[in-house]
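These are brief notes for a colleague who is new to this structure. Please read them alongside the sequence and the 3D view.

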Amino acid sequence: MHNHMAMLIRSILFVKDVEVMSSFYQMALDLTVVSRDPGWIVLSDGDAEIALHGIPATIASTIIIENPPMPRTETPIKLVFATADLAYTSAAVSKAGGWIERSFEDRFDAKDPEGNIFHVALNTV
């Protein structure tokens, strides 16, 4: 890698409820809070970060989250996580309030409490 190359260090996920979503990602994927401000929480796995950015209240009040939430499929981005144990992570996602959408031998797609689709793959490294 050259010194002038850019490196992805953080993804930002716009959410209606930062506290609910922070709890979900901590419980489901064992992420840790590394910083917190009103309407903004940064979670990390030690290498990469996800920042949860609260949607402004005037807009958030117009968003209805069903139970279970409708999948947010109108976005061109999907977060991808790796795990050494798919069964454990799948159970943790469900226990934390997420839903498994599609499951395969070495990966699954799930949705978080607000309907954001994410992917978990078996890490074989």
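Is lysine 111 buried or exposed?

1. Lysine 111 is buried, at 7% relative accessible area (buried is under 20%, exposed over 50%, partly exposed in between, with a 1.4 Å probe and protein chains only). This is a predicted model, in which local features need pLDDT of at least 70 and side-chain atom pairs pLDDT 80 or more, while totals for chains, interfaces and linings use all residues. Residues are numbered from 1 along each chain as its sequence is written, and side-chain values use heavy atoms, without hydrogens and water.

2. Lysine 111 forms a salt bridge with glutamate 101, with 3.6 Å between the closest N and O atoms (a side-chain nitrogen of Lys or Arg within 4 Å of a carboxyl oxygen of Asp or Glu). The pair links strand β7, which holds lysine 111, to strand β6 (residues 99-103), which holds glutamate 101, 10 residues apart (strands are DSSP runs of E, at least two residues; helices are H or I, at least four; both are numbered from the N terminus). Glutamate 101 is partly exposed, at 36%.

3. The count of salt bridges is 7. One of them joins glutamate 114 and arginine 72, at 3.7 Å. Glutamate 114 lies in the loop between β7 and β8 and arginine 72 in the loop between α2 and β5, so the pair ties together parts 42 residues apart in sequence. Glutamate 114 is buried at 5%; arginine 72 is partly exposed at 25%.

4. Threonine 89, in helix α3 (residues 86-95), is buried at 7%. Beyond four places away in sequence, the residues it touches include Ala28, Phe108 and Val120 (contact means heavy atoms within 4.5 Å).
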